[in-house]
Amino acid sequence: MDTKELLKKVRKIEIKTRRLSDHVFGGEYHSTFKGRGMTFSEVRQYQFGDDVRNIDWNVTARYNEPFIKVFEEERELTLMLMVDISGSEFFGTQEQFKNEIITEIAATLAFSAMQNNDKTGLILFSDEIELYIPPKKGKSHVLRIIRELIEFEPKSKKTDIANALKFLSNVMKKKAIVFVLSDFIADNYRDTLKIAARKHDVTGIRIYDKAEESIPNLGMVEMQDQETGELLLVNTGSKSVRNQYYSYHRERVDYFTESFTKSGAGALSSRVDESYVKKLLGYFKRR
């Protein structure tokens, strides 16, 4: 992609996602996450109407009267975008590929964080860490993130979500708001997710195409695995083959939902032909 075409694409995404973050997500993002970066500041005597959950029981026991912890909101939060750029993301039977929707969502979140004067960082991953951009503030930094999301070409087509989460835990020492954007056609990441979710505020956003949910009866069809490049001759006329495929897909979806909810993380799914705006807003409001 030449520079002119790239800048045009960046500008197009900036205009669309900036409008969303300015008018729709800015306030929602702030109200959802503003209380997450709280640091303990001091204790004072309990007053009528104070939240009993903030009572400091150690100090209360020492002085024999109730004291509560006073918190102050940290001035800034850090948003980390973890984006799966493996082979399966470059798939779509609708107007847009999964990776294009992921880029739009990531850009919208980055601009929402910018409005809130927060830092944003980026991890692009396949089965290895393809790119890490440490968190920083500012518009030029957000535009660099969008540029990488559009034009970065991964070395590998495979996926390893656990490896990406391990990397996150190693580089992010302070608590961050983390969005993992992927189709989550993977497993074996539950344990690593639990560790990451204990430290960070993690949300998984699963982007999928409806053609991935089941395969139609088309007789003998040659199919290619997007991640391994392997060509397979598949008898889609066989009901058991179709059922096996459906079961495999359902298992991945259930594994995603259970892994995130049981780890205390957030989870939402959006099909490429659905409005991710509604899905994200609904999620923020539920929080």
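Colleague: How many residues apart are arginine 250 and aspartate 254 in helix 7?

Modeller: This is a predicted model, where local features need pLDDT of at least 70, side-chain atom pairs count only at pLDDT 80 or more, and totals for chains, interfaces and linings use all residues. Residues are numbered from 1 along each chain as its sequence is written, and side-chain values use heavy atoms, leaving out hydrogens and water. Helices (H or I, at least four residues) and strands (E, at least two) are DSSP runs, numbered from the N terminus. About one helical turn separates arginine 250 from aspartate 254, because in helix 7 their spacing is 4 residues.

Colleague: Nice! How far apart are the closest N and O atoms of arginine 250 and aspartate 254?

Modeller: Side chains of opposite charge can pair when their charged atoms come close. A salt bridge needs a side-chain nitrogen of Lys or Arg within 4 Å of a carboxyl oxygen of Asp or Glu. Arginine 250 and aspartate 254 form one, with a closest N to O distance of 3.2 Å.

Colleague: Is arginine 252 buried or exposed?

Modeller: Buried means under 20% relative accessible area, exposed over 50%, and partly exposed in between (1.4 Å probe, protein chains only). Arginine 252 has a relative accessible area of 11%, so the word for arginine 252 is buried.

Colleague: And where does asparagine 64 lie?

Modeller: Most residues other than glycine have a negative phi. Asparagine 64 is not a glycine, yet its phi is positive, about 60°. At 71% relative accessibility, asparagine 64 counts as exposed. Its place is the loop between helix 2 (57-63) and strand 2 (67-73).
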